[in-house]
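Hello,

I am passing this structure on to you, as promised. Please have a look at it first, and then read my notes below.

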Amino acid sequence: MTKQYDVVILGGGVAGGSLAHSLRRQHKTVAVVEDNLFGGTCPNRGCDPKKILMSGLEVTQVVSDMQGNGITGSVSVNWPDLMRHKRQYTNPISDATRNGLISDGVDTYHEHAHFNSDGLLDAGNQILAGKQYVIATGQRPAILAIPGSQFFKTSTDFLNLDNLPKDVTFVGGGYIGFELAGIARAAGATVHLVHHNNRPLKQFDQQLVYEEIKRLSKLGVDFHLNTDVEKITQVGEQFVLSGEKFRLPTDMVFCTAGRIPNVDTLGLENVGVKVDQHGVIVDDHLKTSNPNIFAMGDVVSTKRPKLTPVAGFEAGYLASYFNGATDPIQFKAIPTIVFGQPSLGQVGLPSSVATDDSRYMLITNDMTKWYSYHRLNEPLAKAKVVIDCDAETVVGATVLSNHADYLINILTMMIDQQMKIGDFNQQILAYPTVASDVQYLI
């Protein structure tokens, strides 16, 4: 027997759950199909647990920076205790998320979703029919196709390790590799990060990226740039990474070479949904090549950063669209950040535009000696801000500091609101705070 719904959502992550709740406010019948953890990547095995483990890095680094400046003695990370702290948060999430959907009148299916040859959705033994469908199945870690790839662990594995090995290696210099490398080093492991070219974190300002690399190197992370891993072999209890003039033994190796969209097992070919290597192709209404099927979140093919807030924004857009709105989706500035000590955040136009276009001015600040950073003896704090000279507004920024997340959010709001610098400087902000430093950046 086929069950009928107004909207069937494939994926019970942040985007899928948010949309489901919104559609119930519109009195629509809704089903959510999820074959893994309800709540999705971010709260279960992504940004939230990562930030909990990051607390070990933050605490140990602050104590280290303050040695001889009023603080004596050292602290260390107890990995099993930190992991227990993380699991106290993550373990209840999936059940709580699903129960929240059920209590709101959403039908949930803990099954794999697959479009069949009749154009309906199989969810285990149940067949679902929707007036509209929404694909929100997210991404998963990519695994490099090399001999010995079966020895790779992923970020999901790292975030659930009972014990951290003495020597770990990350293959791939994206934000996940940098963040996990910092966490592992703070927890006492010997850490290697291998990247195939000399442009890790390629979407960020490269000068500040290399400042980040120098800082992590000083803390003990062993970088191998311009290095291709061609195979992995197991030797005793260790794994040996090898390539041209390269050999590295390690206790555990993680593939941090990006993520791939979950589109390959959904039966999209049965319903005429077009995809490419980056995900599901959509128009400016998030509609796929099938007019009754939409997509949102990390599974979408886009050049925009694939982040939890973006997925939530798209869910809000679709809720309005299904309720009668007709305008195309319009994205605001999207901040991205690599969390660490220091963190590296970026938003808006890159600093390079100031070199290429005379309309823009680049303001570069070394904030290391500023009060906010001297207070905790932070060793590195820099920022670059791109100004539109004609409009007298901020249009882009990159920040490298322990407080980059605070600053990049403020600068994002200035960009979105097209706030003139003079108007911002008329604000009276609490002092001394990181927020009150913004007027000196611009």
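Of the 442 residues of the protein, 51% count as buried, where buried means under 20% relative accessible area, exposed means over 50%, and partly exposed lies in between (1.4 Å probe, protein chains only). Please keep in mind that this is a predicted model, in which local features need pLDDT of at least 70 and side-chain atom pairs count only at pLDDT 80 or more, while totals for chains, interfaces and linings use all residues. Residues are numbered from 1 along each chain as its sequence is written, and side-chain values use heavy atoms, with hydrogens and water left out.

Now for the overall form. The C-alpha trace spans about 70 × 65 × 40 Å along its principal axes. The radius of gyration of the protein is 23 Å, which agrees with the value near 22 Å that a compact globule of 442 residues would have; it is taken over C-alpha atoms, and the globule rule is 2.2 Å times the number of residues to the power 0.38. The secondary structure comes to 14 helices and 23 strands. These are DSSP runs numbered from the N terminus, with helices (H or I) of at least four residues and strands (E) of at least two.

Contacts here mean heavy atoms within 4.5 Å. Among contacts between residues at least 6 apart in sequence, 64% join residues at least 24 apart.

Asn78 sits in the loop between helix H3 (47-65) and helix H4 (79-90). With a relative accessibility of 39%, Asn78 counts as partly exposed. From C-alpha to C-alpha, Asn78 is 8.5 Å from Gly56, and the two are 22 residues apart in sequence.

The other is Asp298, in the loop between strand S18 (293-295) and helix H9 (308-322). Asp298 is partly exposed too, because its relative accessible area is 23%. Beyond its neighbours within four places in sequence, Asp298 touches Gly138, Gln139, Lys306 and Leu307. Gln427 is 129 residues from Asp298 in sequence and 37 Å from Asp298 in space, C-alpha to C-alpha.

Best wishes
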